[in-house]
Amino acid sequence: MTGVFDVAQALDGGITDQERAWAFVRGFAAAWDEPLTEDGGTPAAELARAEATLGCSLPAALREVYTLLGTRSSLIANQDPLLPPAEMFVHDECGGVLVFRSEN
């Protein structure tokens with residue numbers, strides 16, 4: 001870790017809304033590796049191509065994750081990594097589930 005991040009303090013009062021959730025993620029990212037930047041995520045055009053290929057829109061929260069930290073392997077690829085947008089797929093045998101992470 002590169003900085004000090006007090007998880008207990010950051011979670012004091014809980015994660016009660018989206019703003020607090022992203023504040024936690026930003027604080028954790030800055031301490032774990034480097035601060036998040038506006039250009040550190042997956043470009044919108046790449047997400048749009050994935051949606052066109054999938055034939056559906058990504059859930060808003062998933063789109064936010066990819067937009068903010070989709071290229072930060074230190075944050076998304078330690079365990080059960082996020083798939084690159086071009087590798088996401090809809091698993092028809094499981095009822096049309098969107099697969100965006102890889103367990104193995």
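**Terms and Their Grounds in This Model**

Trainee: Why does Asp-33 count as partly exposed?

Mentor: In this predicted model, Asp-33 has 27% relative accessibility. Partly exposed covers the range between under 20% for buried and over 50% for exposed, so Asp-33, at 27%, is partly exposed.

Trainee: What makes the pair of Arg-72 and Asp-33 a salt bridge?

Mentor: The closest N and O atoms of Arg-72 and Asp-33 are 3.2 Å apart. The criterion asks for a side-chain nitrogen of Lys or Arg within 4 Å of a carboxyl oxygen of Asp or Glu, and therefore this pair qualifies. The two residues are 39 residues apart and link distant parts of the chain: Arg-72 is in the loop between α4 and α5, and Asp-33 in the loop between α2 and α3.

Trainee: Why does Arg-72 count as buried?

Mentor: Its relative accessibility is 11%.

Trainee: How many salt bridges does a search of the whole structure find?

Mentor: The search finds 2. One of them joins Arg-63 and Glu-51, whose closest N and O atoms are 2.7 Å apart. Arg-63, in helix α4, and Glu-51, in helix α3, are 12 residues apart, and the pair links distant parts of the chain.

Trainee: Is Glu-51 buried or exposed?

Mentor: Glu-51 has a relative accessible area of 16%, which is under 20%, so the residue is buried. Arg-63 has a relative accessible area of 25% and is therefore partly exposed, since this value lies between the cut-offs of 20% and 50%.

Trainee: Why is α2 called roughly parallel to α4?

Mentor: Helix α2 (residues 18-32) and helix α4 (residues 60-69) pack at an angle of about 30 degrees, with their axes 13 Å apart. Angles under 35 degrees count as roughly parallel, so α2 and α4 receive that description. Their crossing is right-handed.

Trainee: Which residues make the contact of α2 with α4?

Mentor: Helix α2 contributes Gln-18, Trp-22, Val-25 and Arg-26, and helix α4 contributes Glu-64, Val-65, Leu-68 and Leu-69. These contact residues divide into 5 nonpolar, 1 polar and 2 charged.

Trainee: What is the phi of Asp-80?

Mentor: Asp-80 has a positive phi of about 50 degrees although it is not a glycine. Most residues other than glycine have a negative phi. Asp-80 lies in the loop between α5 and β1.

Trainee: Why does Asp-80 count as partly exposed?

Mentor: Its relative accessibility is 26%, between the cut-offs of 20% and 50%, so Asp-80 is partly exposed.

Technical notes: Residues are numbered from 1 along each chain as its sequence is written. This is a predicted model: local features need pLDDT of at least 70, side-chain atom pairs count only at pLDDT 80 or more; totals for chains, interfaces and linings use all residues. Side-chain values use heavy atoms; hydrogens and water are left out. Axes are lines fitted to C-alpha atoms, for helices over the stretch in contact, and angles run from 0 to 180 degrees between N-to-C directions. Helices (H or I, at least four residues) and strands (E, at least two) are DSSP runs, numbered from the N terminus. Angles under 35 degrees count as roughly parallel, over 145 as roughly antiparallel, 65 to 115 as roughly perpendicular and the rest as oblique. A crossing is left-handed if the near helix is turned anticlockwise from the far one by less than a right angle, and right-handed if clockwise. Contact means heavy atoms within 4.5 Å. Ala, Val, Leu, Ile, Met, Phe, Trp, Tyr, Cys and Pro count as nonpolar, Asp, Glu, Lys and Arg as charged, and the others, Gly among them, as polar. Buried means under 20% relative accessible area, exposed over 50%, partly exposed in between (1.4 Å probe, protein chains only).
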